[in-house]
Amino acid sequence: MKIVAFSDCHWLYKQIKKFPKADICIFAGDWCGSGESFYETLHFVNWFEKLPYNYKILIPGNHDIFCENNISLCKEMFRENGAVLLIDEMIEVNGLKIYGTPWSPEFNNWAFMKPEKELKTIFKHIPANLDILITHTPPKGICDPNGYGSDELRKVLPNINPKVHIFGHNHNGYGYMENATTKFYKIGRASCRERV
């Protein structure tokens, strides 16, 4: 099974002219620029619907303020247009267990942000033995050269042991790392991966 993943378009997604062939498309948050406008989300929903993938799965990010304030509406908008918006929940696709959570450490009063002590509570509910974990924030220190990732996410990862962890958020450190249990993909609009 092939997966294409990207994130952090910030309203520039229409500049992406070509996507690789894949079965599943994953978006790891930040479709909005300023993030407060319904129309930013509506335009992204309509664009995302047209992508040629059998399964489209996404989470919001810290710029997706309208989504945080209107979670039910956004879930419905994406669902009606053939996509699944995950917020602290799991979906199974062709036997793959995929979990998505949008939360990041606090700064500048953006969306889906909490202090680390609250993130500890959120992240401890991520189920173990996932095939794919999608977060907006990196785990601190993994493809995270500026250290903006979550320390609490990093601490809980050994208990989760996802096979693949996909994330975006801070706009540097794109790339790939792996340890004995997990392949980590730091992605963004400039770093689509054809296969995980």
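**Cores, a helix and a sheet**

Ile132 stands opposite Val164, which sits in strand 10. The two strands involved, strand 9 (residues 132-135) and strand 10 (residues 164-167), run parallel and pair over three bridges. Keep in mind that this is a predicted model.

- Six strands make up an open sheet in the order 5-6-9-10-12-11, and the pairing is mixed.
- Strand 5 (89-93) and strand 11 (175-178) are the edges; each has a single partner strand, so one side of each has no neighbour in the sheet.
- On average, and ignoring direction, neighbouring strands here are turned by 20° against each other.

**The nonpolar cores**
- The largest nonpolar core counts 45 residues, and the ones touching the most other members are Phe6, Trp31, Phe44, Phe48, Leu58 and Phe78.
- At least two residues of this core come from each of strand 1 (3-6), strand 2 (24-27), helix 1 (38-49), helix 2 (65-69), helix 3 (71-80), helix 4 (116-123) and helix 5 (151-160).
- Leave out neighbours within four places in sequence, and Phe78 still contacts Trp31, Phe44, Val45, Phe48, Leu58, Ala83 and Leu85.
- Another core, of 18 residues, lies apart from the largest one; Ala5, Ile26, Ile132 and Ile166 are among its members.

**Helix 4, side by side**
- Which residues of helix 4 are buried? They are Leu119, Ile122 and Phe123.
- These residues span an arc of only 85° around the axis, so they end up on the same side of helix 4.
- Lys117 and Lys120, on the other side of helix 4, are exposed.
- The cover over the buried residues of helix 4 includes strand 6 (96-101), strand 7 (104-105), strand 8 (113-114) and helix 5.

Methods
Residues numbered from 1 in each chain as written. Predicted model: local features only at pLDDT ≥ 70, side-chain atom pairs only at ≥ 80, totals over all residues. Heavy atoms only, no water. Core = buried A, V, L, I, M, F, W, Y, C linked by side-chain atoms within 4.5 Å. Buried < 20%, exposed > 50% of the residue type's maximum accessible area, 1.4 Å probe, protein only. Helix = DSSP H or I, 4+ residues; strand = E, 2+ residues; numbered from the N terminus. Contact = heavy atoms within 4.5 Å. Arc of directions from axis to C-beta. Pairing = 2+ DSSP bridges. Axes fitted to C-alpha atoms, helices over the stretch in contact; angles between N-to-C directions.
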